[in-house]
Amino acid sequence: MSGAQATRAASGAQATRSEVCAVALADALRGSGERLVSCFGLAPQVGARLAKLSFEPDLLLTDGICSLLAEAQPISGPRAPDGPDAPEPVVEGWLPFRSVFDLLWNGRRHVVMVASQIDRHGNQNFACIGPHPKPKAQLLGMRGAPGNTIHHRTSYWIPNHSPKVFVEQVDVVSGVGYDRAAALGPQSARFHDIHRVVSNLGVFDFETPERRMRLRSRHPGVSAQEIAQQTGFELAPNAEEAPETRAPAAEELRLIREFIDPEGRANSEVREVRG
Amino acid sequence: MADKRSSESEAVAELRDGMTLGIGGWGSRRKPMSLVRELLRSPVKDLTLVSYGGPEVGLLCRYGKVKRLIYGFVSLDSIPLEPHFRAVRQAGAVEARELDEGMLQWGLYAAALRLPFLPTRAGLGSDVMRINPELKLVKSPYADGEELVAMPALELDAAFIHMNRADAAGNGQYLGPDFYFDDLYCMAAKRRFMSCEKLVETRELLAGGALQTLRINRSMVDGVIEAPGGAHFTECPPDYGRDETFQREYAATAKDEDAWRRFRAGWLDVSEAEYQARVQAR
């Protein structure tokens, strides 16, 4: 371990915002069991590895190409030249794209996607901004979002919480939200399950009677007022003030800092809290 | 067995304006780029392009060859957004039939099996249904009565794919980690052209990899083109990785007319042999 890494690992209780988010994303995977976890973004990759190394050992993770790896590896990859010393990865399975679609339609998957826009019902857009025939900004495209959201549990990671992302109405629906799922009827929507939205400010769920987005917890140092100001729609009301997102345990910080992400790459995804 | 050895120019000579062309590979991975480069040099236009898109989509769009694009995404992998594709989309210059990735597979599979459609849940509730108004629903005829998307067959006039190894009869072998959807593109198409890194004797195929790497059999292929470096600058493992430096240079040409003119003159307005010689000389 380098001097800087040792200092960071030893700095103990003070978790970065990215680490809080990664732990919240790991918590979002609780109960997933023997399911494939696919992640967009760095904090979800840290969270998935953390979950596998601690409370969800049966999760299936890939190498980012098409091998299933038996053990969690650093996010920089098992053989990154600047990575830490890691054991040779044990490959436990093969998952080419052809099998990915089979697996996800079969439902044994929890995907954590990103969103350029998301609304109160959990409709997500990362396809384009503006009208689809001639968008102002072409983004990723539909990718697998329509199929993912209608077939298996989906969560979202949003590292830049703002009214431009949490919007009244998304320009294009790539990931299906609860209002649209309800309109399809209980049969077609029976596998639809938007579980958590984790942003750099807090954790959100849809556990209200109308399945509207609700603040589940505020990250340490963030007020409910700040979250409301940064959200372009009205969140579902909380009966009581939302609690703080739990702080990472010392062992979780050790795993993140010494093994999963020793270079602290995921920290660059989230603007660090002032003060 | 018939000798199906062919050339990029013979393959492209079979294309006509307005045809539907499927291109194998995935993103910036194992794309039949030598065939694409030949197509860029041809007068063919108004194509409907079906692809898990990579740089071939950006290039063909930049050349104005694409009228309609049927895709789930267009990406350079290490560069998530394909810049030339973004530019034509933001100019509204192509008809964009954007699908869920799995729906695209289903459309190819339906065409491969000569079915009019295959049912799927993917697309329900999303704007895939709004931006592809021709998509229809189908109701299960069984007791469940479930409503599903009837993903129509994506019938192709022609398909281009690139393999690691092949023989002259049209048997193809992939040696990388993923076979993608290349067999489906071939089976969905009327005319099928396969380029390969190396043409080998049939008896040599199994020396290169296990039985299940022989994903393409000769009934799926009309023409075989030996094209060493034919997937450049996309990756073609284990023969070579992606040429990331080249890809970055390509991507940078989207916002710089002068850079694009230089890139085109240096890399695209030249023969494939000259292209490969210049790649070697870099």
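Predicted model: local features only at pLDDT ≥ 70, side-chain atom pairs only at ≥ 80, totals over all residues.
Axes here are lines fitted to C-alpha atoms, for helices over the stretch in contact, and angles run from 0 to 180 degrees between N-to-C directions.

**View 1. Helix 3 and helix 4 of chain B meet at roughly 45°.** Helix 3 covers residues 55–62 and helix 4 covers residues 83–90 of chain B, and their axes come within 7 Å. Angles of 65 to 115 degrees count as roughly perpendicular and those under 35 degrees as roughly parallel, so helix 3 and helix 4 of chain B are oblique to each other. The crossing of helix 3 of chain B past helix 4 of chain B is left-handed. On the helix 3 side, look for B:V57, B:G58, B:L59, B:C61 and B:R62; on the helix 4 side, B:P83, B:H84, B:F85 and B:V88 make the contact. Sorted by class, the contact between these two helices of chain B has 6 nonpolar, 2 polar and 1 charged residues.

**View 2. Chain B is assigned two domains.** Domain 1 of chain B is made of 8–114 + 155–273, while domain 2 of chain B spans 116–152. Taken over C-alpha atoms, the centres of domain 1 and domain 2 of chain B are 28 Å apart. Each domain of chain B brings 10 residues to their contact. On the domain 1 side of chain B, strand 4 (95–98) and helix 5 (101–112) each supply at least two residues. Helix 5 of chain B gives the largest share of that side, with 6 residues. You will find 5 nonpolar, 2 polar and 3 charged residues on the side of domain 1 of chain B that touches domain 2 of chain B.

**View 3. Three strands of chain A form an open sheet.** The strand order in chain A is 2-3-4, and the pairing is antiparallel. Strand 2 (61–62) and strand 4 (91–94) of chain A are the edge strands, each pairing on one side only. Strand 3 (residues 67–69) of chain A is joined to strand 4 of chain A by 3 bridges.

**View 4. Chain A touches chain B.** The contact takes in 34 residues of chain A and 34 residues of chain B. Helix 4 (97–106), strand 9 (137–138), helix 5 (145–151) and helix 6 (178–184) of chain A each give two or more residues to the side that touches chain B. By class, that side of chain A divides into 20 nonpolar, 9 polar and 5 charged residues.

Definitions and conventions. Residues numbered from 1 in each chain as written. Chains lettered and ligands numbered in written order. Domains from an automatic or database assignment. Contact = placed C-beta atoms within 7 Å. Helix = DSSP H or I, 4+ residues; strand = E, 2+ residues; numbered from the N terminus. Nonpolar A, V, L, I, M, F, W, Y, C, P; charged D, E, K, R; others polar. Parallel < 35°, antiparallel > 145°, perpendicular 65-115°, else oblique. Left-handed = near helix turned anticlockwise from the far one by under 90°. Pairing = 2+ DSSP bridges.
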